[in-house]
Amino acid sequence: MISDEFVRTGIPGVDEILMGGILRGDTILVQGAPGTGKTTFGLQFIYYGALHCNEPGLIVTFEQFPKQMLRDAKHFGWDFETLIEQRKIHIIATSPHVFQKQLQSPDGIIHRTLAEMDIQRVFIDSITHFQRITTDEVQLREMVSGLLNMLRQREITAILTQEVQQAEQSFTFEEYTVDAVIRLSLEPVDRAQRKRFIEVLKARGQAFLPGRHSLAIESTGIRVYPAPHPILISTDGADNEPPSLTRIRSGVPGLDRMLGGGLYEGFCVLLAGDVGAGKSILARQFIAYGAQHNERGLYVTIRETPEQVIRAAETIGLELRPLIENDMFTMLHYSLGDLDPYKIFWDIRNLVSSKPFKRAVIDSLSDIQPNLMEAATFRDYVAALRQLFRSHGITSMLTFDIRPTTVEQELIESEIAVVVDAILALRLRNIHDHMRKTITVLKMRGSDHDDGIRSMRIEPGEGMIVETGFEGMPSFLRRLQQLSMEVARGRQGFETEGSEAQ
Amino acid sequence: MDACKGKSAAQIALIADSIVKVELLLFFHSNPMAMDTARGLSMWLGMDMRAVEKAADELADAMVLKRYGEGEDAVYTLTDDPEVKRAVVEFVSTVLSSKEKRSAFLRRLLCEEAKGR
């Protein structure tokens, strides 16, 4: 339950970042370059307060015509006109000079409006325009302080916007005087795309989720997708206990033998391997097997459309359409063009909270990783996914492409290896001038397992078949395993020598 | 001056005898809660400050606008009088309701201004 001391912004995701909302009576500075969504942010705050919280709001605009504001708001489905008629919202278009004079005059229009309408929320767009009165910093500081004191005195929760340059690192004096600072940004992700972000830089007297979060301007206004934060990532063994002793079948009998009887329920499995080694096929068999046995499955596909997934599954004898029609199999599809990893996380979260899923697949993490702005967050992202699935008792498989040159040892030592419960390596090997597929269980928490490199093949109409008896070329596969370990040892030795030489 | 007390759109049309006054009426009609000085209004309209000040004063004298204070600090708002407000709405929605009507009205004003000169 949200305490009455918090004022909800009504912007989905923002109250989560602020752990409940804005402290009542606080003044928030919303900074950003043009096009980052500052005005929309303020309008949404005022509209939500007037419509849902019975908190009348005042908007003061120094630049944008109220008519334009209302037109833009209409595009989000916000009916400001009715609330203005009901005297729940008041918009004043003026210049900073008049605003300042009116503030100083106790019987001026501003004070009269605040009192007559019992205004509880104020949005001023933007305080950068105070520079039209003076550029003297002392005078500006006095003006801002006077405004903040008046708002505090009346316990009005306010949002002030401020224009700042994208890469501005220095602090403005307003940042020191306000209670909280929220920065909006629009940053290039690659040559073709820019993405919006939101970050709380300061919030006096309240906790908040640090770091940058994804912000989207959608058809109903701003929606923020907070960066997934794992509650706890333990690497010291405390988290290594299996969540359940119930084994579940993967849908590939040979693999279940390798795993000592199947996966533990709630496990998060990393399917890592070369492109074309069969990761997606294994993932589809896993989820289809579950759906056929009354375990509802969720399949997140990024590169392939749902239709492509269905057709590819048909080639290995899996009929997904009846499972979809019976609501046992759900697909979420995202295109690579506008991929937002945080949105994916929150979509999954909302879905698994609304329906009892037992199995989930994300195909693939390799498409998500480049879209995370900070590389360091990838481990947190995977950890948050694991915790999300585990908390709902969902067994999950996450596919991940690795370079052909990557040796298994590197995979075991990778940043996400400590996060997942099991790692299966699916590789393409050149065996006697033929490319063969192999599978290895590199990690399986809390369970004995087959640690050999096993040959596997994909048969039309049958899917993946894992040969656990070293069928075919046992001596070669054993030798391959030795070679792999030698390469890893050799690399380690080389790195040690290198560091000693330095 | 009590030019438009109890009057209709026709009276407003007579009062709106310059382009700046028409622009001011349109601005306050679209943004009825606006309040600003002549300098501020000149920025909203993108017009010369002195011309805006003269037009705003004349509209205030005609009781279409309300003026608070004097000189450069005078602040203008739309009148509180509901009858005058209704007349402004009627004037804008009949005489200036479309781009074509607005252009025709402004052309007529320009001709009259030219004749006056």
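In what order do the three strands of the open sheet in chain B stand? The order is S1-S3-S2, and the pairing is antiparallel.

## Model and numbering

This is a predicted model, in which local features need pLDDT of at least 70 and side-chain atom pairs count only at pLDDT 80 or more, while totals for chains, interfaces and linings use all residues. Residues are numbered from 1 along each chain as its sequence is written, and chains are lettered from A and ligands numbered from 1 in the order in which they are written.

The average pLDDT (the predictor's confidence in each residue, from 0 to 100) is 87 for chain A, where 90% of the residues score at least 70. Over residues 232–240 of chain A the value falls below 50, and beyond near neighbours in sequence this stretch has six contacts in the model; two residues are in contact if their C-beta atoms, placed from the backbone, lie within 7 Å.

## The sheet of chain B

Strands and helices are DSSP runs numbered from the N terminus, with at least two residues (E) for a strand and at least four (H or I) for a helix, and two strands pair if DSSP finds at least two bridges between them. Strand S1 (35–36) and strand S2 (65–68) of chain B each have a single partner strand and stand at the edges, so one side of each is left without a neighbour in the sheet.

S2(B) is joined by four bridges to strand S3 (residues 75–78) of chain B, and the two run antiparallel. Within this pairing, B:Arg67 has B:Tyr76 in S3(B) as its bridge partner.

## Where the chains meet

Between the chains, 13 residues of chain A are in contact with twelve residues of chain B. On the side of chain A that touches chain B, helix H3 (66–75), strand S5 (89–93) and helix H5 (96–104) of chain A each supply at least two residues, and S5(A) gives the most, with four residues.

A:Asp26 is found in the loop between strand S2 (22–23) and strand S3 (27–32) of chain A. A residue is buried if 20 or more other C-beta atoms, placed from the backbone, lie within 10 Å of its own, exposed if 12 or fewer, and partly exposed in between; A:Asp26, with 25 such neighbours, therefore counts as buried. Leaving aside neighbours within four places in sequence, A:Asp26 is in contact with A:Thr157, A:Asp179 and A:Ala180.

## Backbone details in the loops of chain A

A cis peptide bond, with omega about -5 degrees, joins A:Asp125 and A:Ser126, and A:Ser126 lies in the loop between strand S6 (121–125) and helix H7 (137–153) of chain A. The peptide bond from A:Asp363 to A:Ser364 is also cis, with omega near 20 degrees.

A:Arg87, in the loop between helix H4 (80–85) and S5 of chain A, has a phi near 55 degrees, a positive value in a residue other than glycine. With 13 C-beta neighbours inside 10 Å, A:Arg87 counts as partly exposed. Phi of A:Asp118 is near 55 degrees, and A:Asp118, with 12 C-beta neighbours inside 10 Å, counts as exposed.
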